[in-house]
There are 2 protein chains.
Amino acid sequence: MARERKIDMVILGLLSHEDLTGYDIKKRIDGAISFFWKGSFGNIYPALKGMENQGLITKNDTSVGGREKTTYHITESGSDALKDWLKEEQASNELKYETLLKLFFGGAESRGVSVHNIEVFEEQIQKDLKVLKKYSEALEKSLDVEDHIYYSLTASFGIKTYEAYLKWCAKAKKMLKQRGGK
Amino acid sequence: MARERKIDMVILGLLSHEDLTGYDIKKRIDGAISFFWKGSFGNIYPALKGMENQGLITKNDTSVGGREKTTYHITESGSDALKDWLKEEQASNELKYETLLKLFFGGAESRGVSVHNIEVFEEQIQKDLKVLKKYSEALEKSLDVEDHIYYSLTASFGIKTYEAYLKWCAKAKKMLKQRGGK
DNA sequence: AAAACGATATATCAAATTGATATATAAAGG
DNA sequence: CCTTTATATATCAATTTGATATATCGTTTT
């Protein structure tokens with residue numbers, strides 16, 4: 001029974017900075033947050049409804065032409081819920097790496113397949129690392145360094161781990177090729 | 001619509017080595033695999049039923065005393081499904097790090113809370129790293145090095161990333177403390 | 001100017017996963 | 001003998017995933 005809806009905290013965190021629509025929230029999550037958290041429309045819209053019923057957020061419907069739009073705003077109660085969550089020291093951290101799963105179970109298969117799987121992973125990481133570095137550099141240049149320290153820290157986490165991944169990829173490929181095999 | 005049940009592949013991968021019960025499978029997942037994949041009973045048992053219906057595995061009921069036990073065995077069709085999955089180059093790799101989420105949104109809160117959250121994370125990683133290193137050392141000492149190369153590679157991935165995490169923790173704590181603040 | 005295209009915006013659904021709980025037996029330890 | 005831990009299966013609500021549907025708006029291509 002997943003008792004706490006984690007997406008709620010993501011949404012409250014985003015709304016604590018600015019009012020947003022569900023669509024905006026999705027865009028924010030797909031941005032700087034995406035490398036350590038995910039969210040989907042099927043997740044976001046029901047959460048917005050639920051939180052509105054709980055009084056954690058309020059909605060404001062507008063219509064520009066024939067276009068409907070609902071913007072959400074965090075309430076004091078919502079702000080309190082966010083703070084409570086921030087103070088709880090328990091946090092679930094987990095990774096699901098299908099690439100490692102394939103490598104782990106790939107022993108029975110040809111070594112070439114394993115090497116190729118690592119190469120595909122490596123390319124993806126290189127791409128992601130490039131994006132993150134650009135984001136990080138833009139932050140460094142920003143005047144208000146103090147305000148961006150938390151964004152910098154999460155970005156540097158991503159960069160450090162991605163760099164570790166790449167080192168591992170090089171080592172793993174070398175090992176698999178050296179030992180010849182199937 | 002999550003079209004592919006990933007747990008199926010984990011189970012087939014495990015069954016490709018030995019016959020197992022659902023309970024055994026859970027234990028295996030909680031072991032060497034746990035740092036890059038998770039599984040629960042509520043996930044495993046339905047998957048076993050489903051795969052039996054699909055003919056990917058066969059079951060063998062036994063009863064020792066008043067105790068029932070169902071052991072599963074992989075079929076040729078199941079083995080093919082596993083091989084097909086191994087060859088598919090697409091793989092979803094993602095992490096969900098609540099610690100980073102808290103750090104990212106914690107800017108509005110006191111700096112002490114952020115430092116504490118990092119410390120809690122750090123302790124967990126140190127503990128996990130210790131376990132992984134022991135596992136890795138045991139593998140190195142194993143006579144059949146060739147057979148264990150894939151297990152070593154996944155373990156070394158964990159060690160490398162955990163070490164990167166710890167370096168980041170040190171840096172992040174230092175940064176937060178240096179800048180004083182709230 | 002019309003058509004095509006991509007971005008904006010909300011909503012919904014089946015399937016999969018999570019995390020907890022329930023139940024019962026066997027083994028181990030004090 | 002009793003308590004605790006390990007074995008073993010099952011089920012459920014809540015949550016998440018990933019896809020699909022629908023419709024409008026703005027920009028670019030024919």
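## Worked exercises on a two-chain predicted model

Tyr150(A), Tyr151(A), Leu153(A), Thr154(A) and Phe157(A) of helix α7(A) touch Leu100(B), Leu103(B) and Phe104(B) of α5(B), where contact means heavy atoms within 4.5 Å. The residues of this contact are seven nonpolar, one polar and no charged; here Ala, Val, Leu, Ile, Met, Phe, Trp, Tyr, Cys and Pro count as nonpolar, Asp, Glu, Lys and Arg as charged, and the others, Gly among them, as polar.

Before we start: this is a predicted model, in which local features need pLDDT of at least 70 and side-chain atom pairs count only at pLDDT 80 or more, while totals for chains, interfaces and linings use all residues. Residues are numbered from 1 along each chain as its sequence is written, chains are lettered from A and ligands numbered from 1 in the order in which they are written, and side-chain values use heavy atoms, leaving out hydrogens and water.

**Exercise 1. Describe how α7(A) and α5(B) pack.**

Step 1. Helices (H or I, at least four residues) and strands (E, at least two) are DSSP runs, numbered from the N terminus.

Step 2. Take the geometry. Axes are lines fitted to C-alpha atoms, for helices over the stretch in contact, and angles run from 0 to 180 degrees between N-to-C directions.

Step 3. Name the arrangement: α7(A) and α5(B) are therefore roughly antiparallel, a label for angles over 145 degrees. Their crossing is left-handed, that is, the near helix is turned anticlockwise from the far one by less than a right angle.

**Exercise 2. Which residues of α5(A) meet α7(B)?**

Step 1. On the α5(A) side they are Leu100(A), Leu103(A) and Phe104(A).

Step 2. Their partners in α7(B) are Tyr150(B), Tyr151(B), Leu153(B), Thr154(B) and Phe157(B). Sorting this contact gives seven nonpolar residues, one polar and no charged.

Step 3. For the geometry, α5(A) and α7(B) pack at about 155 degrees with axes 8 Å apart, and their crossing is left-handed.

**Exercise 3. How many residues of chain A are in contact with chain B, and what area is buried?**

Step 1. Count: 64 residues of chain A contact 64 residues of chain B.

Step 2. Take the area: about 7,200 Å² is buried between the chains, 68% of it from carbon and sulfur atoms. Buried area is the accessible area (1.4 Å probe) that two parts lose on being put together, summed over both.

Technical notes
Parallel < 35°, antiparallel > 145°, perpendicular 65-115°, else oblique.
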